[in-house]
Amino acid sequence: MKEQWFVPYRYKMVEKISIPPKNERLSILKQGGFNMFSIPSEKVYIDLLTDSGTGTMSDKQWSAIVSADESYAGSRSFFDIKKAVKEIMGFEHVLPVHQGRAAEKVLNSVLIKEGMFVPGNTHFDTTKAHIENAKGRCIDVTISESENSTSDYPFKGDLDIYKLEEEIKKVTPEKVAYILITVTCNSGGGQPVSMQNIKDVHKIARKYSLKLFFDAARFAENCYFIKTREIAYNNRTIREISNEMFSYSDGFTMSSKKDAIVPMGGLLVLRDVDIFDALKPFVILNEGYLTYGGMSGMTMAALAQGLYESTEFDYLHYRIGQVKMLGELLKEASIPIVTPIGGHAVFIDGRRFFPNISEEQFPAQYLCASLYEAGGIRTVEVGANLADRDPDTGENIRPKLDLCRLAIPRRSYSYEHMMYIAETVKEIYKNSKSITSGFQFDFESKGIRHFSSTFKLINSKRESLFE
Ligand SMILES: *Cc1c(COP(=O)(O)O)cnc(C)c1O
């Protein structure tokens, strides 16, 4: 009991937050076309839009910022990152970039030639867009358990090894640019990938002489799940697990806005010096010189410190425990959430939450809007809107799951906030079966449409989304 309530922090600084009146919340939604990205953040009470860049930095990160080195070339703060990457991941060749997608752009513009493929577990949206922008295509080979929102399989981010090999044979190994494992699998619900699976994928990569890269935004959370769910790793430290995990990869892209708990920053890290050398000019051209790459010295200093903090077990236990606590509060109330509960977010199954809204009418998006109206809580849809259209056929892609994501910022919200969120979800759920219509597009923007498309209500006479 005592251990369960162990919070390894106390507050040293606070930020005031407040909630606008209910009628104002509905008009804010309408003005913004029910798109969560169009809500001004000052009008949000609890912001669960993303766990990206929204974490609370520690006193040690702030003091690293004060003593950061802003030199253009050879910055000490860059060498702090190199040291952390060496100790935690075991790599020598580090390219700094301003955020994760910049690393993706640089990597894909060099490794992908037209008509090549990147098989992996459900690719993140910017990852997929950058692969397609380089005229490549993604192949999703996530295990079939990931499609079942009620299966308790502990590593739903795993790749289906059989499917992976079949796909490689089908397109031919020469057409495979590289294999990508996303840890944890963000688009798949923050679900982890097991060490065993990483080893198996590594074997396939070697068999066909293919490179294996990680999308490592949440590497530390993945290590926590390996430690707590994979018996062979129970007694290993997070850093030992991290070192082993990365030993199977040829490099990684990383958004530092997630596990490294900085507001901005990213890394592109390579094992192979030839690839490293080939990427350098792209970093200089797009991001900046090789010892800052779009980051300030302050960002680099905080990032290096954040990497160490993210791999402390008591932090991860509290962090993932808080997400799990919210999930369990919802589960106890029979809210249809994806299980097991992921590392950085709780996902509510929109199709099951609003069983009478047809799936073409965006039930998960409707839940996001309802949560803002009911409690000033901002979430995001990871479903039919995000899935977008097939770039070749132009048809809407039907995602396996239509989800409302409640992403929990790191070290930012309290137990009371989790209770408030759970109570708000329950309030909407009470009446959810009586809601029989959802949204249609008002404006559908072309390409990664979820950021700027707008919706209108099918039943325009509604005075509240959920009552
Ligand atoms: C956030 C994220 C990215 C993109 O990183 P940005 O820093 O937002 O550019 C890529 N992959 C995954 C898995 C992510 O979560």
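Okay, let's start with isoleucine 204, which sits in helix 7, residues 195-207. Helices here are DSSP runs of H or I with at least four residues, strands are E runs of at least two, and both are numbered from the N terminus. Quick housekeeping: this is a predicted model, where local features need pLDDT of at least 70, side-chain atom pairs count only at pLDDT 80 or more, and totals for chains, interfaces and linings use all residues. Residues are numbered from 1 along each chain as its sequence is written, and side-chain values use heavy atoms, with hydrogens and water left out.

So, is isoleucine 204 buried or exposed? Buried, with a relative accessible area of 6%. Buried means under 20% relative accessible area, exposed means over 50%, and partly exposed is in between, using a 1.4 Å probe and protein chains only. Leaving out residues up to four places away in sequence, isoleucine 204 touches Ile161, Leu164, Glu165 and Ile168; contact means heavy atoms within 4.5 Å. Isoleucine 131, on the other hand, is 73 residues from isoleucine 204 in sequence and 21 Å away in space, C-alpha to C-alpha.

Now the ligand. Which residues are closest to it? Gln99, Arg101, Asp215, Ser255 and Lys258, out of 15 that surround it, where near means a heavy atom within 4 Å.

Look at the polar atoms. The side chain of glutamine 99 has an N or O atom 2.8 Å from a ligand oxygen. For arginine 101, a side-chain N or O atom is 2.7 Å from an oxygen of the ligand. Aspartate 215 puts a polar side-chain atom 2.7 Å from a ligand nitrogen. On its own the ligand has 380 Å² of accessible area, and the protein covers 97% of that; these areas come from the Shrake-Rupley method with a 1.4 Å probe, and for residues only the protein chains shown count as cover.

Which element gives the most to the shell around the ligand? That's helix 4, with 3 residues.

Let's zoom out. The protein has 16 helices and 14 strands. Its radius of gyration is 22 Å, close to the 23 Å from the globule rule for 467 residues, so it is as compact as a globular protein of that length. That radius is taken over C-alpha atoms, and the rule is 2.2 Å times the number of residues to the power 0.38. Along the principal axes, the C-alpha trace spans about 60 × 55 × 45 Å. And buried residues, like our isoleucine 204, make up 59% of the 467.

Definitions and conventions: A polar contact is a pair of N or O atoms within 3.5 Å; within protein, one must be able to donate a hydrogen and the other to accept it, and residues adjacent in sequence count only if both atoms are side-chain atoms.
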